[in-house]
Amino acid sequence: MKRYKLIAMTAVMAVIAQFLPVKAFAFSAEGYEWEIISDHEVRCDGFVWGKSQAIARIPATVKNYKGTEYTCTYIYNLNYDDVIEEIYVPSTVKELQDGVFAYNHNLREIHFPNDIQLERLPLEMFVNCTSLKELTFPNIVDPYVAVPTVTIPQAICQNCQSLEKIIIPYTQVSKIQDYAFGKCSNLKDLYIYSVIPPEISEYAFDELTYYGAPAKIAKEKQAVTLHVPAESLDAYKASAWSEYFTEIVVAPENPEEAAIEEITVDNNGLNRVKYYTVDGHIVDSPVNGHIYIKTDGCNTTKILYTDGN
């Protein structure tokens, strides 16, 4: 009798389970660990244990062992990994966990697509990424307003000692939080496109003592060039920003132009045509419809690539 009751209960539970919402379920695919967070979405939890790669190309979609396809909308962690040198984030991602790329000491490059639509910037996103050289902050959207107001969060680039260029493309930035750019000792250029100068927290460019009181440093002007919108130049010079930066200049109108690195031409190959991404990386196989920097002899132009042109 007990056996029949058990079978009946099991059958009832199976029927009920069909109508319950999808619960978290983990699986591995394409070299990464995944967590199902809805019927059609997954969270990336990093590389499969012990199988890190130098170049992390996180897939936009992935299939589980049943062949069900999910879209990656959330990256939980890809951090504390000295193997990683380069990360490509898919445009499908909407959320990044706090500290998502932190302590990747050999990370040199991070790539966010132009059409990514993140909900916010996470805290400590790149803290202690000591090899990262350049950073353009990703696109942020707010479904309730056309132009979102963005806060640069605490310690987002803390101790990025190799970082030379930072581009903050948002036209409305409310505040630079404590330690956001603390100990970025090699920073040369900071581009900020906020029309109104953001508030600067007292420790925004200072060091951080993790297990105790903040280590306040005397306010010293940064040996960094601050690039701002043309219409806001006087406002920045008259604001608290002038207490941190001696050189405040007009930024290029488009943040993408600010990301273009100086490109050198190989004099031994002047007749060769070469293509570069807008941030200065050579492209072996250009793709139609993409914007590139084209070098042809001594001529350098920005083009929309179409069938070899």
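**Exercise 1.** Work out whether Trp241 is buried or exposed, and how its ring is arranged with that of Phe245.

*Solution.* Start with accessibility: Trp241 has a relative accessible area of 1%, so it is buried (under 20%; exposed is over 50%, partly exposed in between, with a 1.4 Å probe and protein chains only). Phe245 is buried too, at 2%. Next, the rings: the two form a stacked pair, 5.8 Å centre to centre with 20 degrees between the planes. Pairing needs ring centres of Phe, Tyr or Trp (its six-membered ring) within 6.5 Å; planes under 30 degrees apart are stacked, over 60 edge-to-face, the rest tilted. Finally, zoom out: ring pairs link Trp241 and Phe245 with Phe181, Phe205, Tyr236 and Tyr244 into a cluster.

A word on the model: it is predicted, with local features needing pLDDT of at least 70 and side-chain atom pairs 80 or more, while totals for chains, interfaces and linings use all residues. Residues are numbered from 1 along each chain as its sequence is written, and side-chain values use heavy atoms, leaving out hydrogens and water.

**Exercise 2.** Find which residue stands opposite Tyr88 in β9, and what lies over the face of Tyr88.

*Solution.* First, the strands (DSSP E runs of at least two residues, numbered from the N terminus): β7 (residues 86–88) runs parallel to β9, joined by three bridges; DSSP must find at least two for strands to pair. Opposite Tyr88 you'll find His111. Then check the ring face: Arg57 lies over it, 4.1 Å from the ring centre (the rule: NZ of Lys or CZ of Arg within 6 Å of the centre and within 35 degrees of the ring normal).

Definitions and conventions: Helices (H or I, at least four residues) and strands (E, at least two) are DSSP runs, numbered from the N terminus.
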